[in-house]
Amino acid sequence: MSEVAPGIHRIEEDLGARSMAQYLLTGSERTLLVDSGLSQTLDEAIEPYLAALGLAVDALDDLLVSHADVDHIGSNRRLHERSPRTRISCGEPDRRWVESNEAILAENYRWFEPYGFTLGEDVLGFIERELGGSAPVDLGLLGGETIRLGTGQRWEVLALPGHTAGHIGLWHAGERTAIIIDAVLHRGVCDRAGTLLQPPRIYDLPAYRETIATLRALRPELLLTAHYPVMGRAAATAFLEESEAFCDDVQRITRSVAATGEANLRAVVAAIDAGCGPYPDFSQELTAIARSALAAL
């Protein structure tokens with residue numbers, strides 16, 4: 001846990017063999033939290049960090065949910081119960097999944113079961129527990145809005161779709177800082193030793209490419225994500241370039257599979273796993289990008 005830039009605090013925890021991070025933005029007038037983590041994150045990580053700064057949980061004016069995923073919304077309900085004054089916002093296209101544990105479980109984590117893929121009962125049980133209970137969203141965002149935390153502390157909301165339809169991030173033009181969480185995912189998520197574990201889940205490949213182009217055009221000096229180290233300009237540029245190269249590889253592999261006449265979801269998933277992985281964890285997540293790449297053909 002550290003202040004990676006003035007007023008920007010990274011709260012990092014273990015997520016199995018991986019790491020995950022939330023961000024606390026402390027302005028002169030308002031305090032904003034980006035993502036709430038898993039079901040115990042508020043109590044076990046965020047609250048102690050706030051206490052170290054002399055703040056209580058109810059000092060959080062805003063919770064900005066970057067997107068609908070278990071490790072980003074799991075303490076929403078807990079925060080809503082402990083601090084009803086905290087305004088909860090998310091990208092409007094993700095609102096249904098952010099607000100409803102039932103909807104996100106069925107539509108984000110089980111949609112591929114009719115195609116013969118499953119996360120397994122143990123993983124699904126973990127996800128169901130760690131979603132933490134449904135909680136309302138106060139404000140749906142579309143991108144282009146600005147959030148003022150104090151004098152000279154204004155952040156622009158970025159629409160960064162692809163990973164999910166409603167993924168959003170934050171941009172501070174003056175400091176050239178982008179908080180993008182999972183909007184771009186390189187070639188996958190690695191463990192702390194750098195071993196590739198989990199593929200990028202990308203629901204909309206063309207939108208994901210546009211998100212990469214948007215971020216490359218911004219030329220951030222500081223790029224902040226949920227599962228990768230803090231990046232300066234050179235590292236951020238390389239990260240975005242490699243993320244685009246991954247998309248190129250996926251589309252090349254998909255075209256190659258289609259040319260054989262075996263353009264079905266299972267065949268494309270297997271080919272992407274072999275060509276871009278292998279991914280020992282959650283290779284089922286490749287179904288999303290495989291479906292999108294097939295649709296693009």
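Predicted model: local features only at pLDDT ≥ 70, side-chain atom pairs only at ≥ 80, totals over all residues.
Helix α8 meets both α10 and α9. R10 and L64 are each described through their burial and their relation to Y228.

**R187**

- R187 sits in a loop, with β11 (177–181) on one side and β12 (189–190) on the other.
- R187 counts as buried because its relative accessibility is 18%, and the cut-off for that class is under 20%.
- Two side-chain polar contacts are made by R187: one with the side chain of E242 at 2.4 Å, and one with the side chain of D249 at 2.7 Å.

**Helix α8 against α10**

- Two packed helices are described by the angle between their axes and the distance between the axes.
- On the α8 side the contact involves F246, V250, Q251 and T254; on the α10 side it involves I289, A293, L294 and A296.
- Sorted by class, the residues of this contact are six nonpolar, two polar and no charged.

**Buried face of α10**

- The buried residues in α10 are L286, T287, A288, I289, A290, S292 and A293.
- These buried residues pack against three helices: α7 (205–218), α8 and α9 (265–276).
- I289 and A293 are buried and also take part in the contact with α8.

**Helix α8 against α9**

- The axes of α8 and α9 come within 9 Å, with a crossing angle of roughly 135°.
- That angle makes α8 oblique to α9.
- The crossing of α8 with α9 is right-handed.
- The class count for the contact of α8 with α9 is nine nonpolar, two polar and one charged.
- An α-helix has 3.6 residues a turn, so residues three or four places apart point the same way.

- R10 is part of strand β2 (residues 8–15), and its relative accessible area of 5% makes it buried.
- The side chain of R10 reaches the backbone oxygen of Y228 at a distance of 3.1 Å.
- L64 belongs to strand β5 (residues 62–65) and is buried, with 2% relative accessible area.
- Beyond residues up to four places away in sequence, L64 touches L32, L33, V34, D35, S89, L141, I147, I168 and L170.
- L64 and Y228 are 164 residues apart along the chain, and their C-alpha atoms are separated by 19 Å.

Definitions and conventions:
Residues numbered from 1 in each chain as written. Heavy atoms only, no water. Helix = DSSP H or I, 4+ residues; strand = E, 2+ residues; numbered from the N terminus. Buried < 20%, exposed > 50% of the residue type's maximum accessible area, 1.4 Å probe, protein only. Polar contact = N/O pair within 3.5 Å; in protein donor to acceptor, adjacent residues only side chain to side chain. Contact = heavy atoms within 4.5 Å. Nonpolar A, V, L, I, M, F, W, Y, C, P; charged D, E, K, R; others polar. Axes fitted to C-alpha atoms, helices over the stretch in contact; angles between N-to-C directions. Parallel < 35°, antiparallel > 145°, perpendicular 65-115°, else oblique. Left-handed = near helix turned anticlockwise from the far one by under 90°.
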